[in-house]
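Subject: Structure for your review

Dear colleague,

Please find below the structure that I am handing over to you. My findings follow it.

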Amino acid sequence: MTMLDQLAPWAGLIGLIGFAGLAGIKNPAAKSQPGALVRLMGLFGLAGLAGIWIPGAGALGAAGALGLWNHQDKRLAFWGKLGLMSVIGLPFLLKGLFPA
């Protein structure tokens, strides 16, 4: 068993950060706030569903928090920055898609 396999269950938990993006439904970022393209990347949070089939890939779900990127409320903007942790799921996704 490789180290990547041992870290997979814990990495998948990082995807729970993506649920913070749901706060953007009730409190959307103002249209005048810059960063709209990054906020659209929050849709990549759906890639976290790959964690159902690929252990560890659920960390990609953290991208859902990117919908709060550069929010006018500083607390919500902090959660948007945590969405960058979704890159932790990429090695697991690549390993699952391209097994050696």
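In what follows, helices are DSSP runs of H or I with at least four residues, numbered from the N terminus. Please note that this is a predicted model.

Overall form

The secondary structure of the protein consists of five helices and zero strands, and from the N terminus on the elements follow the order α-α-α-α-α. The radius of gyration is 14 Å, close to the 13 Å that the globule rule gives for 100 residues, so the protein is as compact as a globular protein of that length. Along the principal axes, the C-alpha atoms fill a box of roughly 50 × 20 × 15 Å.

Of the 100 residues, 37% count as buried. The protein exposes about 6,500 Å², and carbon and sulfur atoms supply 75% of that area. Among contacts with a separation of 6 or more, 68% are accounted for by residues 24 or more positions apart.

The largest pocket

The largest pocket holds about 700 Å³ of space. Its lining is made up of 28 residues, and those nearest the centre of the pocket are Gly18, Gly42, Gly45, Leu46 and Gly64. Helix 2 (23–26) and helix 3 (36–40) each contribute at least two residues to this lining. Which helix supplies the largest share of the lining? That share, three residues, comes from helix 3. By class, the lining of the largest pocket comprises 12 nonpolar residues, 15 polar residues and one charged residue.

The second largest pocket

About 180 Å³ of space lies in the second largest pocket. The residues that line this pocket are Met41, Phe44, Ala47, Leu60, Ala63, Leu66, Leu84, Ser86, Val87, Leu90 and Leu93. Sorted by class, its lining has 10 nonpolar residues, one polar residue and no charged residues.

A residue of the second lining

Ser86, one of the residues lining the second largest pocket, is found in the loop between helix 4 (74–82) and helix 5 (90–97). Is Ser86 buried or exposed? Its relative accessibility is 10%, and buried means under 20%, so Ser86 counts as buried. Leaving aside neighbours within four places in sequence, Ser86 is in contact with Ala59, Leu60, Ala62 and Ala63. Of these contacts, Leu60 and Ala63 also belong to the lining of the second largest pocket.

With kind regards

How values were computed. Residues numbered from 1 in each chain as written. Predicted model: local features only at pLDDT ≥ 70, side-chain atom pairs only at ≥ 80, totals over all residues. Heavy atoms only, no water. 1 Å grid on protein atoms, 1.4 Å probe; cavity = no way out; pocket = protein on both sides within 12 Å on 5 of 7 lines; lining within 4 Å. Points joined across faces, edges and corners; volume = space filled by probe spheres on them. Nonpolar A, V, L, I, M, F, W, Y, C, P; charged D, E, K, R; others polar. Rg over C-alpha atoms; globule rule 2.2 N^0.38 Å. Buried < 20%, exposed > 50% of the residue type's maximum accessible area, 1.4 Å probe, protein only. Contact = heavy atoms within 4.5 Å. Areas by Shrake-Rupley, 256 points an atom, 1.4 Å probe, with all protein chains shown as cover.
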